[in-house]
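Colleague: Could you walk me through some backbone and sheet details of this model? I have the viewer open and a few questions ready.

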Amino acid sequence: MAGKVHAFDTLHNDYKERCYPYIKDELKQIREQAIIDHKEDVLDRLIKIEAEMFFIYKNYSKAIPLFTDLLAKRKIKTYKDSAAVLYCLKNSYVHLHSLNKAIEIHRIMMGLRKKHTDINSWLFHPKLSIIYYEMKMYKECLNQQLLEYDDVKQSKQMLLGYYNNRGLFWQKYGNMDSALACFNKAKDVFYSFHSKNSLTINDEFVLGLIEGNIGQVYIQQKEYKKAIPLLQKDIASSIKANELLNAAVSETELAICYLNLNQPNLCKKYLDSANVKLAPIEDYRAKLNIIKQYAVYYDKIGSYRLSIDYYNKFIAYKDSIDYKENVKELISSQVASQMAEKENLIIESQKNIREKNLEVSKQKTLRNALLFCGLILIIVVVFISVQLKKTKHQKQLLEIRNKQISTRNEIINKSLSEKDLLIKEVHHRVKNNLQIISSLLKLQSAKTNNPEIQNSLGEAQDRINSMALLHQLLYRNNQMTSLLFNDYLSNLIEQISSSFSLTKKNIVIQSHLMELELDLDTAIPLGLITNELVSNAYKHAFHGKDGIIKIELSKLMKNTYQLKISDNGQGLAVDFDLSGMDSLGLDIVAILSEQINAELKIYNDNGAHFEIIFKVV
């Protein structure tokens, strides 16, 4: 058992990711047996593996508390394991943009390295200079990089990256001469271990990147003619290596050069080419830049209306990206934190129950052993004496056993009651926390006069209130893991209707809901979908006219149900396309439908109709 766990734990992360789906169930069985056998070392290693899998699958909010707990309780036995755990913990904070915390962990790792110089150098990536760069602390970044030179000077490939990065750092710091010198030094290092006549496609791409960086420096120095051939080489090598994002970025830079050299036709040619390459790529920075360059181009040639249109498009797209990123980061961090706390409470309660059951089992075994010895004595005495006395003693033994069984049942029932109380308290705390978040959003909304911000904060508040309502119902009921969905929907509909009652008095909600019990994994997404669609109908369907919103929950066939939300308003646009809509609400509806494997149907029939067809196992 311990050997298998140790063998899996020593694998590289790439192999762990491939093997984990095949060994997951076996590790679960090993955990259960280790709890019974009190194998603390095996349990600690299994917790480390669980945290690493959360890290590998990019679930950093769940990985961090596990890693932190292992380190705090000194559960990591070797310094190499400590370094591996600190590496995962640091990179988790980096991915969550908690960079100050990442710096703190990095310094702990450096202290560990002073004691143990044989720790693998890759565990210290990203370097501290890179973290400072992400924090836009370019002076500290440059100073820190000098301290890291000894770690890379023995490897020409690492030295190449060192000088190329240093050029980028100087460029951001605003010293173009130093940046140019570093990029040229990177080229010298490149040719020190490459022959010009035997370059691979990857080698040409690396060289193209460096020359493209030099070209960007020339652009900032307004030496556009020098920049053009370097950028053209970067584009050619990027296309050859199928690195279309880098090619599109350099084509955008090349368009800037031609525009400043009064060659608008060539500028437009490269902008269009870059735009085509970026179409299938999810990189909002590059797309924002090209929209801005289109605006500059049309302004340059005198097409001011088109220029204004692109500037407006740039602002709208940037605001949309910033808003989505901020909302996603806020909700993810808050919900992940609450869910981690909830799961920790449940795990702890289950652990306590198992420990109590084990204690009861041990006591029972001991009592049975003592009773067995007593029984032997009684049998000997009774065999010598009379049969009647033997019967009397047997009756007493039966009473003792019944009492033991009764005592054990009381202990188990008490443990189960404590578990239910803990889970109920979890729902209560989650509901309170969500209401606090809702209140904070409401206060923030009152601080601004911007209708768009107030509307966005109000929508976020409605979504949080719908989740808080569900936890409130769970707290009130005896069922902790499921609820009557129709009761939840009725309360949610009343909550939404109340929030719009002052401004939308002429809208009526008609609901036909069958009785249906659902688990939380299905009820929460369906509740959020209902919140989005009913709120959208209130806001956009009627424009001040009388209207009816219908909400129906019905059964289609065995295990298949339909939630239908419709209105008799103006309906959807003729060319409505969900994938092309810039609507966070409808994005949420589509994502949540996919999450519960539901079929989403959207159509017009004297108004907008939304059907969510889902299955209950």
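Modeller: Happy to! Let's begin with Gln562, which sits in strand E5, residues 560-567; helices (H or I, at least four residues) and strands (E, at least two) are DSSP runs, numbered from the N terminus. This is a predicted model, in which local features need pLDDT of at least 70, side-chain atom pairs count only at pLDDT 80 or more, and totals for chains, interfaces and linings use all residues. Residues are numbered from 1 along each chain as its sequence is written, and side-chain values use heavy atoms, with hydrogens and water left out.

Colleague: Is Gln562 buried or exposed?

Modeller: Buried means under 20% relative accessible area, exposed over 50%, and partly exposed in between (1.4 Å probe, protein chains only). Leaving out residues up to four places away in sequence, Gln562 touches several residues, among them Leu553, Leu556, Ile613 and Phe614, where contact means heavy atoms within 4.5 Å. Its relative accessibility is 12%, so Gln562 counts as buried.

Colleague: What is the strand order of the open sheet?

Modeller: Strands of a sheet pair through backbone hydrogen bonds, either parallel or antiparallel. Here two strands pair if DSSP finds at least two bridges between them. The open sheet has five strands with mixed pairing, in the order E2-E4-E5-E7-E6.

Colleague: Which residue in E5 is the bridge partner of Ile551?

Modeller: Strand E4, residues 547-557, pairs with E5 in the antiparallel sense over eight bridges. Within E5, the partner of Ile551 is Ile565.

Colleague: What angle does the direction of helix H20 make with that of E2?

Modeller: Helix H20 (residues 485-500) packs on the sheet and touches E2, E4 and E5. Axes are lines fitted to C-alpha atoms, for helices over the stretch in contact, and angles run from 0 to 180 degrees between N-to-C directions. For H20 and E2, the angle is about 175°.

Colleague: Which residues does the cis peptide bond join?

Modeller: Most residues other than glycine have a negative phi, and most peptide bonds are trans. Pro126 lies in the loop between helix H6 (99-115) and helix H7 (128-134). With omega at about -5°, the cis bond joins His125 and Pro126.

Colleague: What is the phi of Asn606?

Modeller: Asn606 is in the loop between strand E6 (599-604) and strand E7 (608-615). At 70% relative accessibility, Asn606 counts as exposed. Although Asn606 is not a glycine, its phi is positive, at about 55°.
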